[in-house]
2 protein chains.
Amino acid sequence: VRVKVLGSAAGGGFPQWNCACSNCTRIRQKKFRGRARTQTQLAISTGKDWFLLDASPDLRLQLESDRDLVPRRGSSKRSSPIMGVILTSADVDRVLGLLHLREFQPLTVYATESLHRILTEDNSLFRVLHRETNQVSWKSITLDKSFKIGELRCTPIPIKSSYPDYVSAARASELVASEALIGLEVEEASSGKKLAYFPSLPALSDDLRTRLSACDLVFLDGTFWQDDELIRLRGTGRSAREMGHIPISGEGGTLEWLGALGDIKRTYIHINNTNPILDEESDEHARVSAAGFALTHDGQEFEL
Amino acid sequence: VRVKVLGSAAGGGFPQWNCACSNCTRIRQKKFRGRARTQTQLAISTGKDWFLLDASPDLRLQLESDRDLVPRRGSSKRSSPIMGVILTSADVDRVLGLLHLREFQPLTVYATESLHRILTEDNSLFRVLHRETNQVSWKSITLDKSFKIGELRCTPIPIKSSYPDYVSAARASELVASEALIGLEVEEASSGKKLAYFPSLPALSDDLRTRLSACDLVFLDGTFWQDDELIRLRGTGRSAREMGHIPISGEGGTLEWLGALGDIKRTYIHINNTNPILDEESDEHARVSAAGFALTHDGQEFEL
């Protein structure tokens, strides 16, 4: 299985249009050792067909940046190797990219029934995906129940969370609470190779650690270094944990939690622009590396 | 008044993710004389504050690409020179960029009441613009009635059109039909310099030609070269005129219509990936130039 990291930043990307934090300021001034990043986006494949994990607001340029993801030579006038998209949450930075894919292209979108309802019943814009028959078809996915995409077996892992703020409390009460957020486990049938994708992780558990330890490659929530990172910057707002992201550092952080795992590839993804690990000369970056974690970056490719 | 062209393509951009037309194929193969283009986006200013005309799906990277549009040196940790956005239609490629601007930044959005209703009543995603007080405020604009943004006087010019397909007929009947699409005339109070912005032009009139002839700079709908351009490619679908775009060429095309105007800067914007004028070696490109029109391109700047 091939995995492309098309984007590796949290919502807003890095740098973020309205941010003048130390990271954003220095990278704009080219006084920063580290990379710019677009919003988190993975693509996976076992052959010619590709599937997207989530749909980033930067998706149009992310697809165009990769020669495997544009129409093939000799293909018909309108075509794409992108066969489907699997959604893991209704967050803007996970779903907005679907609207980049509005040009009459047949596609399958895999999502829980609750996400399907939010997008298609509560947001008329998504009707652009249904201007013709044979455009987008939605497939309902069930928690803990595997489904096949090409040669890959995908399992939606429920994660206790809540719906994004834009979903009203009244609306949320009509939806299935446990469908608000999933992680994904993807296994190649022939080789048994497995990857895990958890860009939002609001709680840690022994069960989850056991599951991740059986994977070959783990994409883990690397949004914030510390719990009060955004409050320090903005002087207001919510903590990392209140926003559904266990921070990397400190007691109960993900570095400690997964640091002792054996021989698996551990990578941080969905890294916020404020996170000091983006600075490759920082102590925080060094600590992450020393603990056996890597930072994902745009344009990166894995083969399992 | 300064005008930045941050994007100059029609919806989908150029190249378009799922398009293998001659233009898209050749530019990917680097066998094309012409430029890639992101989706249409203008920014205007008379000083330090900037205003956006519409909000492109590519807005995040468009803002980051221009040093005048990122937070200023020495500004507070979260800030932006972008003070507001003026919307001219509810099309996906005119409004999606608002969701790129979701990070708690104070902004004014100027739109007709009908557009305001479509976005905020029919699309729950837009609530991300209202997670805090003092985030986005909406100002209703009235057809033919000027309003001020900074030192500029903006006039919404009604254009007979219909709402995008994603707005149901039942919903459209509750809205004001004449508010579906506007063009903009922007005048600098001190100098009297005027620009016109009409990226969608479904009909031509003598009144409009008179109006444009009094402007210093005109951005005109350059979507399609000919009426059946997209039908030829896809083998199905609607004509340029049926999609609300008078083509450039032929009898009743915009080239003939505005070609005889005097000393004003005439530019085509919102150019579709299929349009032969994108190819700088094409006859069509030569004909546009000979008639006194220029193609806008990303990164272009005008000063009036």
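A polar contact is a pair of N or O atoms within 3.5 Å; within protein, one atom must be able to donate a hydrogen and the other to accept it, and residues adjacent in sequence count only if both atoms are side-chain atoms. By this rule, 34 residue pairs, both members at pLDDT 80 or more, are in polar contact across the interface of chain A and chain B. The model is predicted: local features need pLDDT of at least 70, side-chain atom pairs count only at pLDDT 80 or more, and totals for chains, interfaces and linings use all residues. Residues are numbered from 1 along each chain as its sequence is written, chains are lettered from A in the order in which they are written, and side-chain values use heavy atoms, with hydrogens and water left out.

In contact (heavy atoms within 4.5 Å) are 62 residues from chain A and 62 residues from chain B. The two chains bury about 5,300 Å² between them, 55% of it on carbon and sulfur atoms; buried area is the accessible area (1.4 Å probe) lost by two parts on being put together, summed over both. On the chain A side, A:W17, A:R60 and A:R78 lose the most area to chain B, together 18% of what that side buries.

Salt bridges (a side-chain nitrogen of Lys or Arg within 4 Å of a carboxyl oxygen of Asp or Glu) across this interface number 6. The side chains of B:R28 and A:E64 form a salt bridge at 2.6 Å, N to O.

Helices (H or I, at least four residues) and strands (E, at least two) are DSSP runs numbered from the N terminus, and two strands pair if DSSP finds at least two bridges between them. In chain A, an open sheet of 7 strands with mixed pairing has the order β6-β5-β4-β3-β2-β1-β14. Strands β6 (136-140) and β14 (300-303) of chain A stand at the edges with a single partner strand each, so one side of each has no neighbour in the sheet. Strands β4 (residues 82-86) and β5 (residues 107-111) of chain A run parallel and are joined by 3 bridges; A:I86 stands opposite A:Y110 in β5(A).

In chain B, 7 strands form an open sheet in the order β7-β8-β9-β10-β11-β12-β13, again with mixed pairing. The edge strands, β7 (147-149) and β13 (293-295) of chain B, each pair on one side only. Strand β7(B) pairs with β8 (residues 152-158) of chain B in the antiparallel sense over 3 bridges, and B:C154 in β8(B) is the bridge partner of B:F147.
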